[in-house]
Amino acid sequence: MSMEVEAKQKKEIEKEDMEEEAKVEAEGVVVRAQPWTKQLTIRGVIVSAVIGAIYSVIAMKLNLTTGLVPNLNVSAALLAFVFIRTWTKILHKAGYVAKPFTRQENTMIQTCAVACYSIAIGGGFASYLLGLNRKTYELSGEHTEGNSPRAIKEPEFGWMTGFLFLVCFVGLFVLIPLRKIMIVDLKLTYPSGLATAVLINGFHTQGDKMAKKQVHGFMRYFSISFLWAFFKWFYTGKEVCGFSQFPTFGLQAWKQTFFFDFSATFVGAGMIVSHLVNLSLLLGAVLSYGIMWPLINKLKGDWFPVNTEGEADMKGLYGYKVFMSVALILGDGLYNFVKIISFTLINVHGRIKKKNLNAALDEQEKSLDDLKQNELFVREKIPMWVGLAGYIFFSVISTIAVPMIFPQLKWYYVVVAYILAPSLAFCNAYGAGLTDINMAYNYGKVALFVLAALSGKENGVVAALAGCGLIKSVVSVACILMQDFKTAHLTFTSPRAMFLSQVIGTAIGCVMAPLSFFIYYKAFDIGNPQGEFKAPYALIYRNMAILGVEGISALPHHCLQLCYGFFGFAVAINLVRDLSPRKLGPWMPLPMVMAVPFLVGAYFAIDMCIGSLIVFSWNKLNGKKAESMIPAVASGLICGEGLWTLPAAVLALAKINPPICMKFVAS
C-alpha cells in the first residue's frame, strides 16, 4: 500500500515539474537548453515522418498538376505543434505524465519534416526525372533529331530511390564548415528561416488560448476540405467532368481554361503565397490563354501545319506554348542568376573590408538573447572533419554509382560537378540568406545546357537531365540546411540535433518521395496535356535539353522571334523592379511565375487569386485574428483535399470509377 502511495506522490511531483517547465517556456523565459540528445526525441521523429509523408503526397500533387508548390515550412511547424499538443493532452487526461513540448523539439520536427517533403518538391519527379519517360519523349516530337529514342528511362522505384540517396546526401555535408561564418559572423537573415523561428517562438510564448483556436481552425477546415473532395469525386466519371470543369464564367471562357475549379488545395496555397505571386499567375493566364494562343491558333496553316498530330504536337500550337514558357523562365533565371552572384560577391567584399572596423561596435550592440544564441550555436560544434569526410565519401560513391544508373552521364562530368558544387552551393546559400531566393533550379539549368552541348545528340538529353538533377540537388539541400540552421539559431536549438534531424528527414524523404510519386503514376494519367496531372515541367526540361543539343532548329516556325521577345520581357520586368521607385517596383510581375499558366491553363490562377481575396478581406475585417489564423486555415484546406488523393488513388487502382459525370453543353 505504502509503495502505491509513494509511486503516486512521485508521479505528482514529476507532473508538477513538467507543468512548471512548460509554464516557463510559455512565458517566454529561455531556460538553459537541454543537451542535444534530449532535443531529438522518438515521438518527434515519428511525428516528423507522419508530417513529411502527408506533405510529400500533397507537394507531389501540386508538382504534377501545376509545378508550383508554395513554401510549407510555416505550415509544417504549425502541424507539428498541433500533433504534439494534442498527444500530450490525451496523455494527461488518461493520467500519464508527458514530457513538455519545447520550441527545440518543435524546431527539430519542422526541420525533419521539411527535409522529407523537400525531396518530393525538388527531386525531379515532375521535371528532370519524369522528362526521361516515353510519354514526354513522344510529346517532345519523336522525329526531332536531338530527341533520340535511346534517351528514354521509365520511372522505377529502385533507380529513383538510389539516385536520390546518392545526390541528396552530398548536399548535407558541403557547407557544414561554413556554418558559423554564415549564421553568426555574416549574420545572414534567411527570411524563411527567420519567419519559421518567429512562428515557433510565438507558439511557445502566446499561451494555450491561441493554440486552441489554431488547432480548432485547422481541424475544421481540414474536415471541410476532405469531405468536399470526397463529394466532388462522385461527379468525375469521365475525364472532362465534375466541379473541376464547372464553366463559372461561361462555356466560351471555359474553352480557354478560364473557370473556377473549386479546388480547396489551390485556394489554400493562394492564402499562403504573396498577392504578387497570384497576380503574376493571373497576368500570365490572361496573356497566354486570353490573348496569345487564340491569336496564334488563327495562323494555323500559315505558321504551322493544319494537320498537326493532336493537341500536343510540338510542331503545332503546343510547341509555341512550351518554348515561350521556356524563354520566360530562362530570361528570369539568367537575370536573377547574374544579379545574385554579383550581389553576393559585392556583399562579401564589403563585409571583409568592414569586418575589423565594426567588430568591436557590433559586439557592444548585441543583446543578451543574441549572445546566448551565438554561445549555444558555437558551443554545439559539428567538427569540420565530419563535413569534409562526409562530402568526400558521398561524392566518391556518387561518382561511381550515378554513371551506372545513367551511362550517358560520364564519370568525369560527375567529378567536375562535385569539384564545382561547393562554390555554387556557397553562392546560392549566401544569396538566399540575403534575398530568400533559392536559385538551385537556375544552377541546375546552367548544368543542363552545358552538358547537353558537350554530350552530343545521342547522349545529350539524358546526360543533361541527370546532370541537372545532380547539381540542383546538392545546391538545394545545402541551402535548405543553412536556412534551418538559422531557425535553430533563433530558437536555441542545438545545431547537432538540427543536423541529425535533417539527415533523418532526408533519408525518409528519399524513400517517401518515390512512394508518393508512384501513388499518382500508377493510378492517374501523368503527363497528359488535356488531363489533371499535366506535369508541365517534365516537358519544359526535356525541351530545354533538346534545345541545348540541337540549338534553334528545334523551334517551330517564327517561334524564335517570339522567344526573343519573351526573354527580353522577362529581363526588362526584372530591371524595372530593381531600378524603379519603391512604390512601383514591388508591383512588377514575376516572369517565372507568369510562365506556369502558359502550359497549365488559367483555372488554377483563378483559384489562387480567390485565396488572395480571402486573405485581403480577412485582414481588412479583423487583421489581428487573420494574422494568427490564416496559416491554420490554409494548412487545413491544403491537407484535407491533399489527403483525399490517397483513397482516390486506391479506388482508381481498384478500377472503381465515380458513378456520375457532371458536364455542361451549349443550349
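A nonpolar core is a set of buried Ala, Val, Leu, Ile, Met, Phe, Trp, Tyr and Cys residues joined through side-chain atoms within 4.5 Å, where buried means under 20% relative accessible area, exposed over 50% and partly exposed in between (1.4 Å probe, protein chains only). The model is predicted: local features need pLDDT of at least 70, side-chain atom pairs count only at pLDDT 80 or more, and totals for chains, interfaces and linings use all residues. Residues are numbered from 1 along each chain as its sequence is written, and side-chain values use heavy atoms, with hydrogens and water left out.

The largest nonpolar core has 180 residues, and Y55, L64, V402 and F406 touch the most other members. Helix α18 (residues 440-490) supplies the largest share of this core, 25 residues; helices (H or I, at least four residues) and strands (E, at least two) are DSSP runs, numbered from the N terminus. Beyond residues up to four places away in sequence, L64 touches F125, A126, L130, F517, Y520, I526, E532, F533, K534, A535 and P536, a contact being heavy atoms within 4.5 Å.

L653 lies in helix α24 (residues 603-653) and, leaving aside neighbours within four places in sequence, is in contact with K522 and A523.

Two packed helices are described by the angle between their axes and the distance between the axes. Axes are lines fitted to C-alpha atoms, for helices over the stretch in contact, and angles run from 0 to 180 degrees between N-to-C directions. For α7 (residues 157-173) and α16 (residues 384-405), the angle is about 155° and the axes are 8 Å apart. The two helices are therefore roughly antiparallel (over 145 degrees; under 35 is roughly parallel, 65 to 115 roughly perpendicular and the rest oblique). Residues of α7 in this contact include W159, F163 and F173, and those of α16 include Y391, F394 and V402. By class, the contact has 14 nonpolar, five polar and no charged residues; Ala, Val, Leu, Ile, Met, Phe, Trp, Tyr, Cys and Pro count as nonpolar, Asp, Glu, Lys and Arg as charged, and the others, Gly among them, as polar.

Helix α18 has a partner in α5 (residues 103-122): their axes come within 11 Å and cross at roughly 165°, which makes α5 roughly antiparallel to α18. The contact of α5 with α18 divides into five nonpolar, six polar and two charged residues.
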